[in-house]
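Here is a friendly briefing to read alongside the model. Please keep the sequence and the 3D view open as you go.

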Amino acid sequence: MYYTVCEVARRLNLSPHTIRFYSKEGLLDFVDRDQNGNRIFKESDFERLFIIASLKRAGMTIKQIREFTLLCDEGDTTIAQRLKIITDQKASVEEQITELQDALDVLKYKTWLYEVALEAGTTAVHDNLPPEKMPPNVRKIKERIRRLTDDMEQRYKDACSSPSPTLQK
C-alpha cells in the first residue's frame, strides 16, 4: 500500500509543507515517486520519517539530520558516529528539559503567590509569611530562588572585593 504526502503528514502529525520541505532538503531520498512525479510512501518509510521528525523536534538542524541520515545509509561502519550524534543531542534535550522545568517551577510559584495575593487583596500578604505556611512545593521553589539570589549576591561581592587584573602588574 502506498500513501500520499497528505496521508503521511496526517499520520505523523506534520504538515504536508514540512514533508515537502524535508524532501527538498534531501532528507527523503528513499521515498519513491509515481509516474507523475508525486511522492509515494510505503509503510516501511514511516519509521525513518518518524525518526527525522523526532530529531527535528529534538532541536537538530536540517544539516545535522542530513548528516545523520547519510551515516545511516553508510551502514554499520558508522554506528559509533551515529551513537555520538544521538547521545550529544540527548544531553542537549535533557539540559533544555531541566531549564524548562526550572521555568515551570517559577511559574507555579508565581501562580500561587498571585492567587494568595488576589484572595487577600494585596501582595503584601507574603511579606512576613513564614515558610511553614507555604505549600511544600512552593516552599521548595522559593528556597531555590533564595539560594540563587544568595549565590548571585556572593559572586557580586567576590567580584567587587578582588582587585581588577588590569590594575595588577
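Let's begin with a cysteine: Cys 72 counts as partly exposed because its relative accessibility is 27% (buried means under 20% relative accessible area, exposed over 50%, and partly exposed in between, with a 1.4 Å probe and protein chains only). This is a predicted model, in which local features need pLDDT of at least 70 and side-chain atom pairs count only at pLDDT 80 or more, while totals for chains, interfaces and linings use all residues. Residues are numbered from 1 along each chain as its sequence is written, and side-chain values use heavy atoms, with hydrogens and water left out.

**Cysteines**

- Cys 160, at 52% relative accessibility, counts as exposed.
- How many disulfides does a search of the whole structure find? The search finds zero, a disulfide being a pair of cysteine sulfur atoms within 2.5 Å.
- As a reminder, a disulfide is a covalent bond between the sulfur atoms of two cysteines.

**Helix H1 with helix H2**

- Helices here are DSSP runs (H or I, at least four residues), as are strands (E, at least two), and they are numbered from the N terminus.
- The axes of H1 and H2 cross at roughly 110 degrees and come within 8 Å; axes are lines fitted to C-alpha atoms, for helices over the stretch in contact, and angles run from 0 to 180 degrees between N-to-C directions.
- H1 and H2 are therefore roughly perpendicular to each other (angles under 35 degrees count as roughly parallel, over 145 as roughly antiparallel, 65 to 115 as roughly perpendicular and the rest as oblique).
- From H1, the contact is made by Val 5, Cys 6, Val 8 and Ala 9, and from H2 by Pro 16, Ile 19 and Arg 20, where contact means heavy atoms within 4.5 Å.
- By class, the residues of this H1 and H2 contact divide into six nonpolar, no polar and one charged (Ala, Val, Leu, Ile, Met, Phe, Trp, Tyr, Cys and Pro count as nonpolar, Asp, Glu, Lys and Arg as charged, and the others, Gly among them, as polar).

- Leaving aside residues up to four places away in sequence, Ala 9 touches Leu 14, Ser 15, Pro 16 and Ile 19.
- Ala 9 and Arg 48 are 39 residues apart along the chain, and their C-alpha atoms are separated by 13 Å.
- Asn 13 lies in the loop between H1 and helix H2 (16-24), and Asn 13 is exposed, with a relative accessible area of 71%.
- The phi of Asn 13 is near 60 degrees, a positive value in a residue other than glycine.

**Helix H1 with helix H3**

- Helix H1 (residues 5-12) and helix H3 (residues 45-57) have axes that cross at roughly 60 degrees and come within 11 Å.
- H1 and H3 are therefore oblique to each other.
- Val 8, Arg 11 and Leu 12 of H1 make the contact with Phe 46, Leu 49 and Phe 50 of H3.
- This contact of H1 with H3 has five nonpolar, no polar and one charged residues.

**Helix H4 with helix H5**

- Helix H4 (residues 62-74) and H5 have their axes 9 Å apart and pack at an angle of about 150 degrees.
- H4 and H5 are therefore roughly antiparallel to each other.
- On the H4 side the contact is made by Phe 68, Leu 71 and Cys 72, and on the H5 side by Gln 81, Arg 82, Ile 85 and Ile 86.
- The residues of the contact of H4 with H5 comprise five nonpolar, one polar and one charged.

**Along helix H5**

- Leu 83 is found in helix H5 (residues 79-120), and Leu 83 counts as exposed at 53% relative accessibility.
- From C-alpha to C-alpha, Leu 83 and Phe 68 are 9.9 Å apart in space, and they are 15 residues apart in sequence.
- Ala 103 is also placed in helix H5, and Ala 103 counts as partly exposed at 39% relative accessibility.
- The C-alpha atoms of Ala 103 and Ile 85 are separated by 27 Å, with the two residues 18 apart along the chain.
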